[in-house]
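Subject: Structure for you to look at, with notes

Dear colleague,

Here is the structure I promised to pass on, and my notes follow below it. Please read them with the model open beside you.

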Amino acid sequence: PPQPPPVAQEEPSLRPPPAAQEETPILAEAPPPPVAMTEPLPEPPGEEGPRPEAAAEMEEEASVAAEPSLEELASRGEAALDAKRWNEAAAALQELAAQAPSGEAHQKLGLALYQTGQKEAALAQFEAAAQLEPELAEPYANSGFILQELGQLERAEESLAKSLARNPSLAEAQVALAEVLTAEGKLEAAVNAWQAAATLRPDLPQLQVGLGDAWAALGNRKAA
């Protein structure tokens with residue numbers, strides 16, 4: 001019987017079999033080092049840097065914003081007065097009176113200055129308060145007290161009288177007026193002033209002494 005044809009055999013390859021390649025892990029690439037900038041970044045389109053005029057306005061607005069308001073100055077001065085921090089009160093109230101002059105501001109400034117021993121400066125503030133708001137009695141009374149201490153009796157009498165004309169119930173002003181009239185030798189007027197003061201504040205110890213001295217000076221020993 002016929003034989004089957006021979007099966008062709010594959011020719012041996014002259015190339016060696018490929019060597020097995022080891023798989024190497026893929027590492028993430030390191031980010032590039034930052035590049036030094038030699039030129040500033042361009043400004044976004046449509047935006048410009050502040051003009052010199054605008055920069056000056058911004059500085060002025062910032063300076064104004066840093067300054068205390070009138071309300072803050074008034075509150076600061078009032079709080080310092082209540083706490084008897086006289087120098088602090090004077091500083092705040094002086095700035096307040098300079099920016100917004102008023103009878104109240106000058107009156108409180110005068111009180112602070114008086115407590116620091118600056119009597120003449122305090123007197124100037126009380127007189128300024130009386131000029132700004134002449135209907136107030138307190139600036140005239142305080143002026144009278146200082147003028148009495150300075151020995152200016154005629155001016156003290158005038159100022160105290162103006163105070164009492166605006167507010168007759170100010171016992172301290174009435175007592176001061178009685179003392180000034182006694183020192184001036186106006187004894188009848190002094191007696192009347194002492195009696196008026198006694199109706200306002202009968203508890204004051206100097207009333208009986210002052211009234212008695214005035215009566216004694218008039219020669220009315222029995223009444224004294």
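Is Ala 141 buried or exposed? With a relative accessible area of 5%, Ala 141 is buried, where buried means under 20% relative accessible area, exposed means over 50% and partly exposed lies in between, using a 1.4 Å probe and protein chains only. Before going further, please note that this is a predicted model, in which local features need pLDDT of at least 70 and side-chain atom pairs count only at pLDDT 80 or more, while totals for chains, interfaces and linings use all residues. Residues are numbered from 1 along each chain as its sequence is written, and side-chain values use heavy atoms, with hydrogens and water left out.

Ala 141 is part of helix 6 (residues 138-149); helices (H or I, at least four residues) and strands (E, at least two) are DSSP runs, numbered from the N terminus. Leaving aside residues up to four places away in sequence, Ala 141 touches Leu 160, Ser 163, Leu 170 and Ala 173, contact meaning heavy atoms within 4.5 Å.

Next comes helix 2 (70-82). Its 13 residues reach 18 Å from the first C-alpha to the last, close to the 18 Å expected at 1.5 Å a residue, the expected span being 1.5 Å times one less than the number of residues. Leu 73, Gly 77, Ala 80 and Leu 81 are buried in helix 2. Seen down the axis, the buried residues of helix 2 fall within an arc of 100 degrees, so they line one face of the helix; the arc is that of the directions from the helix axis to the C-beta atoms. Glu 71 and Asp 82, on the other side of helix 2, are exposed. The cover over the buried residues of helix 2 includes helix 3 and helix 4 (103-115).

Helix 3 (86-99) has 14 residues and reaches 20 Å from its first C-alpha to its last, close to the 20 Å expected. Its buried residues are Ala 89, Ala 90, Ala 92, Leu 93, Leu 96 and Ala 97, and the buried residues of helix 3 pack against helix 2 and helix 4.

How do helix 2 and helix 3 meet? Their axes come within 8 Å and cross at roughly 150 degrees, where axes are lines fitted to C-alpha atoms, for helices over the stretch in contact, and angles run from 0 to 180 degrees between N-to-C directions. Helix 2 and helix 3 are therefore roughly antiparallel to each other (under 35 degrees counts as roughly parallel, over 145 as roughly antiparallel, 65 to 115 as roughly perpendicular and the rest as oblique). Residues making this contact include Leu 73 and Gly 77 of helix 2 and Ala 92 and Leu 96 of helix 3.

In the loop between these two helices lies Lys 84, whose phi is near 60 degrees, a positive value in a residue other than glycine. Lys 84 counts as exposed, at 60% relative accessibility.

Finally, the axes of helix 8 (residues 171-184) and helix 9 (residues 187-200) come within 8 Å and cross at roughly 160 degrees, and helix 8 and helix 9 are therefore roughly antiparallel to each other.

Best wishes
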